[in-house]
Amino acid sequence: MLRMSASPPPVVVLGAGLTGLAAAYHLRTPCLLAERESIVGGHARSRRRQGHTFDVTGHWLHLRDPRTRRLLADISPADAWVEVERRTSIFAHGARVPYPFQANLHGLPLEVVRECLVEFIAAREAAAVGAQGSPRTFAEFAEARFGRGIARHFFVPYNRKLWGAAFDRLDASWVDRYVPTPSVSQVVGGALGLPQEGLGYNARFLYPRAGGIDALPRGLSAAIEARAPGTIRRGCAAEEVDVRGRRVKLSGQADWQPYSALISTLPLPELVARIADVPAEVREAAAALRWIGWRYLDLASKRPAPADYHWVYVPSPALPFFRVGVYSNAVASMAPRGASSLYVELSDRAGPVDLAAIAEGLVEVGALAERGDIAFTDLREIEYAYVVFDDDHGPATALLHRWLASVGVRSCGRYGAWIYNSMEDSMIQGIEAAAWATTWSTAQAQGAGR
Ligand SMILES: Cc1cc2nc3c(=O)[nH]c(=O)nc-3n(C[C@H](O)[C@H](O)[C@H](O)COP(=O)(O)OP(=O)(O)OC[C@H]3O[C@@H](n4cnc5c(N)ncnc54)[C@H](O)[C@@H]3O)c2cc1C
């Protein structure tokens with residue numbers, strides 16, 4: 001009698017943010033992508049209201065890797081994206097200076113410029129004679145790299161607002177890539193008012209011409225479903241994971257779903273909480289992970305913003321927000337003609353929102369011409385915004401990933417890997433997870449056949 005061999009179970013991918021979508025797109029074996037929400041995209045989604053489009057605050061795409069450039073070209077028409085030269089400011093001491101602060105001191109009060117320059121040179125001298133220890137905290141890093149003045153007038157107050165109570169826990173490990181380090185000549189030139197162009201990792205970015213970063217996840221999901229309909233299950237949450245039995249319990253499904261390999265993009269502590277029989281040290285490591293969320297406003301204005309920046313950093317503790325962006329200054333289609341769409345990232349994480357104070361502050365930083373320009377605001381929340389890089393972060397994530405790998409689970413993406421990822425980084429992790437899953441499933445199948 002001829003015996004039919006059962007086809008192997010699919011690779012299961014949990015979460016259809018950019019990481020999960022990029023993984024599913026690159027898998028060439030059967031796959032099931034389970035997304036808790038009714039729409040895909042995760043943090044890279046967009047909302048639309050009365051002709052205004054809003055992302056989950058600024059989501060500007062920077063691509064450096066040929067794999068992600070190819071991916072974008074594969075899933076979207078050639079003219080679907082525009083390349084935009086970044087215009088970013090810092091609002092400090094009543095003045096607006098270009099980003100980055102440390103290379104653009106001109107325009108600040110002279111006393112502030114002097115303090116920043118003198119302390120910057122002192123920090124450089126200390127570094128030259130080896131008089132600086134290695135910085136442990138983020139605040140020590142800022143002082144050692146840029147001097148006490150630049151730390152005091154920008155890095156420390158800005159990051160205190162962004163990180164809230166977690167600021168004092170931050171170590172120095174995560175900043176190097178994202179904080180541009182200008183030369184002495186750039187700092188001095190910037191203090192004299194000489195233009196300092198293109199410093200930093202994100203001098204240009206890509207954005208969908210038709211508006212809304214969700215064009216990216218929508219393009220990916222359409223391409224996945226065109227190839228294999230039914231691969232994406234929306235409104236389908238991972239409830240439990242049985243790593244020994246290689247199966248996952250999905251909401252709305254009576255039976256456990258078997259998998260040949262599991263890729264998870266859930267926040268790492270949420271994944272661990274869903275796995276039964278986790279060793280005590282793994283549970284403790286998950287409990288040591290810290291993160292921050294914050295609140296922000298989607299804000300529609302009846303008029304264009306007076307300032308032309310795409311976003312502005314606001315270190316002053318007197319103003320109730322730390323960053324404000326004007327989507328429609330980057331891509332006009334984000335707002336109806338003659339209007340503008342903004343995001344306002346709030347320093348307070350709880351309690352009532354003082355809209356009058358926010359409107360006044362927005363006028364001060366040049367984001368609104370008048371308080372009465374506001375057409376509507378919607379208060380939104382980001383539960384997982386940034387993971388906290390503290391002393392526990394390195395050892396805890398290393399232990400967790402080691403254990404997960406040993407039981408055949410790849411936890412990746414910004415919150416799955418528990419790191420500071422851009423959209424590009426996340427898609428690359430998805431691509432790499434797809435390659436891992438193919439190798440892992442093949443090895444398991446060969447092992448079972450032996
Ligand atoms: C405020 C902010 C601003 C940012 N700005 C930029 C920027 O300008 N440029 C840039 O490149 N990057 C930016 N990023 C980073 C970017 O958003 C992320 O790198 C990327 O979106 C992460 O994708 P992900 O798929 O790893 O995670 P997510 O987007 O979080 O996707 C995870 C998915 O898992 C789903 N999920 C959760 N629980 C379950 C469950 N139990 N079962 C099934 N599904 C579940 C979620 O609904 C979500 O769809 C920003 C991030 C934040 C927070």
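This briefing describes the domains, core, ligand shell and selected residues of one predicted model. Residues are numbered from 1 along each chain as its sequence is written. Because the model is predicted, local features need pLDDT of at least 70 and side-chain atom pairs count only at pLDDT 80 or more, while totals for chains, interfaces and linings use all residues.

**Domains**

- The chain is divided into domain 1 (11-45 + 214-290 + 391-449), domain 2 (50-59 + 202-209 + 291-387) and domain 3 (99-192), with bounds that come from an automatic or database domain assignment.
- Taken over C-alpha atoms, the centres of domain 1 and domain 2 are separated by 32 Å.
- The contact between these two domains takes 12 residues from domain 1 and 7 residues from domain 2, where two residues are in contact if their C-beta atoms, placed from the backbone, lie within 7 Å.
- On the side of domain 1 that touches domain 2 there are 9 nonpolar, 1 polar and 2 charged residues; here Ala, Val, Leu, Ile, Met, Phe, Trp, Tyr, Cys and Pro count as nonpolar, Asp, Glu, Lys and Arg as charged, and the others, Gly among them, as polar.

**The largest nonpolar core**

- The largest nonpolar core has 124 residues, and of these Val324 and Val344 touch the most other members; such a core is a set of buried Ala, Val, Leu, Ile, Met, Phe, Trp, Tyr and Cys residues joined through C-beta atoms within 7 Å.
- Helix α13 (residues 423-449) gives the most to this core, with 8 residues; helices (H or I, at least four residues) and strands (E, at least two) are DSSP runs, numbered from the N terminus.
- Leaving aside residues up to four places away in sequence, valine 344 touches Tyr296, Leu297, Leu299, Phe321, Val324, Ile358 and Leu362.

- Within helix α11 (residues 355-364), the residues Ile358, Ala359, Gly361 and Leu362 are buried, a term for residues with 20 or more other C-beta atoms within 10 Å of their own, whereas exposed means 12 or fewer and partly exposed lies in between, with C-beta atoms placed from the backbone.
- Seen down the axis of α11, the buried residues fall within an arc of 160°, so they line one face of the helix; the arc is that of the directions from the helix axis to the C-beta atoms.
- These buried residues of α11 pack against β16 (321-326), β17 (340-346) and β18.
- Just after α11, glycine 366 takes a positive phi of about 85°.
- Helix α1 is mostly covered, as 9 of its 9 residues are buried, including Leu18, Tyr25 and His26.

**The shell around the ligand**

- There are 36 residues around the ligand, of which Gly15, Gly17, Gly42, Gly413 and Ser422 come nearest; a residue is near a molecule if its C-beta atom, placed from the backbone, lies within 6 Å of it.
- Elements that each supply at least two residues of this shell include α1 (18-26), β18 (374-387) and α13.
- At least three residues of the shell come from each of domain 1 and domain 2.
- By class, the shell has 15 nonpolar, 15 polar and 6 charged residues.

**Selected loop residues**

- The peptide bond from tyrosine 99 to proline 100 is cis, with omega near -5°, and proline 100 lies in the loop between β7 (95-98) and α3.
- Histidine 93, in the loop between β6 (88-92) and β7, has a phi near 50°, a positive value in a residue other than glycine; histidine 93 counts as partly exposed because it has 15 C-beta neighbours inside 10 Å.
- Arginine 246, in the loop between β10 (238-242) and β11 (247-250), also has a positive phi near 50°, but arginine 246 is buried, with 20 other C-beta atoms within 10 Å.
- Alanine 335 is placed in the loop between α10 (327-330) and β17, and it is buried because 27 other C-beta atoms lie within 10 Å.
- Among the residues that alanine 335 touches, not counting those up to four places away in sequence, are Gly51, His52 and Ser328.
- Although alanine 335 and glycine 211 are 124 residues apart along the chain, their C-alpha atoms are separated by 8.8 Å.
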